[in-house]
Amino acid sequence: MKKSYNVCLKDTVKTFTKRLFYALFDEEQEVTHAEYLEKTFLKTLSKLSIEDGAGTWKRFKENLPDIRRQLDLDAKAFENNDPASYNLEEIYLAYPGFHAISIYRLSHALYKLNVPILPRMMSEYIHGITGIDIHPGATIEESFYIDHGTGIVIGESSIIGKNVKIYQGVTLGGIQVSKSLASTKRHPTIEDNVCIYANATILGGDIVIGANSIIGANVWITQSVPENSLVTYQTEIKIRPKKNGIR
Ligand SMILES: CC(=O)OC[C@H](N)C(=O)O
């Protein structure tokens, strides 16, 4: 007989993650969802054959005030950095980057508690909505700002410092993909105050992008960059008049 997988848990985790996000930012919702969240967490862990659901839930809940504190700092970073934002409320209600960071910080807490599978299900839920793929294992410090966001990939062993800004299409990835590299540092380290513009690709576990650097759009980096660098990609663009409408 073929082995069965409890794939309908995908729906359970989708609703759980959504309601966890609501509860985190709205005191009324916190009360409304409290019983559901605990019950669903315990059911999900038991379906995944994970032991000590009650203890894990208790430890996870202890993390929530600090997660909220960090997310309020992230939201402030969005407000301070994006000239297109009108107020803080807009960040919480409308920004995909903020939504993705919120679910990342929640899933990361579960990852740190050694909960298997569930954190990845949560990150895949928000990946589906925003196009932003942050592995729950990544380490991301305070005041992280993602603008637009679609196509961003942040690998499992990435380390991101404080006040980092990244734009759509950025990849923090591995230079080599091989099963034998599991449990090694495969993804880059980004120091404080770095800004990485659209579609830049930074690859390798021993790559460090030094503090205060700016990485321009479309740059491909496989070597470390010293602090305070400006890294750009030069491409030749030709603009000339069309001849009789023909190129
Ligand atoms: C982001 C990335 O490098 O992905 C490749 C592979 N999944 C890994 O984690 O190494």
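Two strands count as paired if DSSP finds at least two bridges between them. Helices (H or I, at least four residues) and strands (E, at least two) are DSSP runs, numbered from the N terminus. The model is predicted: local features need pLDDT of at least 70, side-chain atom pairs count only at pLDDT 80 or more, and totals for chains, interfaces and linings use all residues. Residues are numbered from 1 along each chain as its sequence is written, and side-chain values use heavy atoms, with hydrogens and water left out.

View A. Strand 9 (residues 195-196) pairs with strand 12 (residues 214-215) over 2 bridges, in the parallel sense. Here Ile196 faces Ile215 of strand 12.

View B. Strand 2 pairs with strand 5 (residues 159-160) in the parallel sense, over 2 bridges. Ile140 has Ile160 in strand 5 as its bridge partner.

**View C. Helix 1 meets helix 5.** The axes of helix 1 (residues 9-25) and helix 5 (residues 96-112) come within 11 Å and cross at roughly 100°. Axes are lines fitted to C-alpha atoms over the stretch in contact, with angles from 0 to 180 degrees between N-to-C directions. The two helices are therefore roughly perpendicular (65 to 115 degrees). Thr17, Leu20, Phe21, Leu24 and Phe25 of helix 1 contact Phe98, His99, Ser102, Ile103 and Leu106 of helix 5 (heavy atoms within 4.5 Å). These residues comprise 7 nonpolar, 3 polar and no charged.

**View D. Residues surround the ligand.** They are Val153, Gly155, Leu172, Gly173, Gly174, Val177, Arg186 and His187 (a heavy atom within 4 Å). A polar backbone atom of Gly174 is 2.8 Å from a ligand oxygen atom. A polar side-chain atom of Arg186 lies 2.7 Å from an oxygen atom of the ligand.

Methods:
Parallel < 35°, antiparallel > 145°, perpendicular 65-115°, else oblique. Nonpolar A, V, L, I, M, F, W, Y, C, P; charged D, E, K, R; others polar. Polar contact = N/O pair within 3.5 Å; in protein donor to acceptor, adjacent residues only side chain to side chain.
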